[in-house]
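Please read the following points with the sequence and the three-dimensional view open beside the text. Each point takes up one topic.

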Amino acid sequence: MIELVIDQRRRDLGGFEVGRVLPAASRRMVGPFAFFDHIGPVDFAPGIPRTVDVRPHPHIGLSTVTYLFEGEIMHRDSVGSEQAITPGEVNWMTAGSGITHSERFERARRDGGNLHGIQAWVGLPRELEETAPSFHHHGAADLPVYESGGLWARLVAGEAFGAKAAVRTHSPLFYVHWKLAAGARAQLEARYPERAAYVVSGSVEVDGGTYTAGQLLVFAPGAPILFTAVTPAVVMLLGGEPIGERFIEWNFVSSSRERIEQAKADWRAGRMKLPVHDDAEFIPLPPDPAPRAP
C-alpha cells in the first residue's frame with residue numbers, strides 16, 4: 001500500500017526552520033500538490049527582527065495554502081488583501097497569471113509565541129494557469145469537522161469522507177487535518193488516485209510499519225488505508241487527481257519552462273506589482289540553479 005516514504009529536509013529560512021517534503025527527487029507532486037513545507041515549530045521571543053519575516057515575493061501558476069496549528073501570520077498581497085491567519089483557518093491565494101505577497105510575524109514580534117503550521121502549493125490545471133489572481137480567507141465555519149472514537153478531523157480543502165469544504169479549489173483534491181488519540185484507528189478512503197499522509201507529530205502504524213513525525217507516506221491507488229495511532233498523533237492527508245507535469249523554479253510553477261523564464265524576467269525588471277500595503281522592500285530573484293552534473 002505504501003509506494004514511497006519521504007523524509008523532510010530541514011531548511012533554515014533565516015530565523016526559523018521548515019521541513020521541506022515536496023517536491024522531492026523521488027516524487028515531485030501528489031495529486032495537484034506541488035510543494036509542502038512544515039513550518040516550525042518555533043518559539044519566537046518578543047522583538048524578533050523584521051529580517052525573520054518573508055518579504056514580498058512573486059508567484060505564478062499555483063494556489064498557496066496556509067494552515068496553522070499555532071501562532072499567527074499576517075498576509076498582504078498585490079490584489080489588496082491584508083489578512084491575519086490563526087489556527088483553524090485557511091488562507092487560499094491563487095496566483096494564476098501573477099501575484100506578489102508577504103508573510104509577516106507581527107504578533108510574534110510584539111508578544112512572542114509559538115509558530116507551527118503547513119504551507120502548501122497546489123498547481124492549477126493547464127487551462128487555468130493564467131487565471132486572474134485572487135485571495136480568500138476562510139474561518140473555521142467553512143471547514144467541516146468530525147469527531148469519533150479518538151479521531152478528530154477537519155476538512156481543510158476539497159472533498160473527502162462525504163464532506164466538502166467551502167474553500168474554492170480548481171481541480172479535484174482533498175486536504176485533511178487529523179488528530180488521533182493513542183490507540184485510535186482511522187481509515188483513508190480510496191476515492192482519489194494519488195494520496196499521501198504527512199505525520200506532523202507522534203507516530204502511526206500503517207501497513208505493518210511505524211512512521212513518525214517528519215515523514216510523508218505516499219500510497220498506491222485502489223484500496224483504503226488503515227492508520228493506528230501508536231502515540232497521540234497529528235496527520236495531514238493530501239492528494240487528488242493529477243494535473244500533469246509541472247516545472248518548479250523558485251516561487252514559480254508552470255507547465256511551460258518558457259512561462260517561468262518570462263516570470264523571472266518580469267520580476268527582475270520590476271514589472272510585477274508589489275503588495276498594496278507592503279511595497280517598501282522585496283526578495284530579489286536568486287541566481288539560476290547550477291546545471292546538474294552529467
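**Notes on pockets, rings and strands**

1. On a 1 Å grid over the protein atoms alone, a pocket is an open set of points with protein on both sides within 12 Å along at least five of seven lines, and lining residues have an atom within 4 Å of a point. Grid points are joined across faces, edges and corners, and a volume is the space filled by probe spheres set on the points. This is a predicted model, in which local features need pLDDT of at least 70 and side-chain atom pairs count only at pLDDT 80 or more, while totals for chains, interfaces and linings use all residues. Residues are numbered from 1 along each chain as its sequence is written, and side-chain values use heavy atoms, with hydrogens and water left out.

2. Which residues lie nearest the centre of the largest pocket? They are Arg20, Phe35, Glu249, Trp250 and Asn251, out of 45 lining residues. Two or more lining residues come from each of β2 (9–12), β3 (17–22), β4 (33–44), β5 (54–59), β11 (113–123), β24 (247–249) and α2 (257–268). Helices (H or I, at least four residues) and strands (E, at least two) are DSSP runs, numbered from the N terminus. The lining holds 24 nonpolar, 5 polar and 16 charged residues. Here Ala, Val, Leu, Ile, Met, Phe, Trp, Tyr, Cys and Pro count as nonpolar, Asp, Glu, Lys and Arg as charged, and the others, Gly among them, as polar.

3. Arg20 also deserves attention for its place in the strands. Strands β2 and β3 pair in the antiparallel sense over 4 bridges; two strands pair if DSSP finds at least two bridges between them. Across from Arg20 in β3 stands Arg9, and in β4 the bridge partner of Arg20 is Asp37. The pairing of β3 with β4 is likewise antiparallel, with 4 bridges. The hairpin of β2 and β3 has 4 residues between the strands, and Gly14 there takes a positive phi near 85°. Of the 6 residues of β3, 5 are buried (buried means under 20% relative accessible area, exposed over 50%, and partly exposed in between, with a 1.4 Å probe and protein chains only).

4. The second largest pocket holds about 160 Å³ of space. Its lining includes Pro144, Tyr146, Arg154, Phe161 and Trp178. At least two lining residues come from each of β13 (145–148), β14 (151–160) and β16 (173–180), and β14 gives the largest share, 5 residues. By class, this lining has 11 nonpolar, no polar and 1 charged residues.

5. How many cavities of 30 Å³ or more are there? The count comes to 1, where a cavity is a set of grid points at which a 1.4 Å probe fits but cannot get out. The space in the largest cavity is about 30 Å³. Thr64, Thr66, His75, Asn91, Met93, His101, Glu103 and Phe135 line this cavity. Strands β6 (62–70), β9 (90–94) and β10 (99–104) each supply at least two of the lining residues. The classes are 2 nonpolar, 5 polar and 1 charged.

6. There are 14 aromatic pairs. Rings of Phe, Tyr and Trp (its six-membered ring) pair if their centres lie within 6.5 Å; planes under 30 degrees apart count as stacked, over 60 as edge-to-face and the rest as tilted. Trp267 and Phe282 form an edge-to-face pair, at 5.7 Å centre to centre and 85° between the planes. Trp267 lies in helix α2 and Phe282 in the segment after α2, so the pair ties together parts that are 15 residues apart in sequence. Trp267 is buried at 6% relative accessible area, whereas Phe282 is partly exposed at 40%. Ring pairs also link Phe33, Phe36, Tyr175 and Tyr198 into a cluster.

7. Strand β18 (residues 194–201) is mostly covered, with 7 of its 8 residues buried. Strand β18 runs antiparallel to β23 (residues 233–240), joined by 7 bridges, and Glu194 has Gly240 in β23 as its bridge partner. A further 4 bridges join β18 to β21 (residues 215–219), also antiparallel, and there Ala197 stands opposite Leu217.
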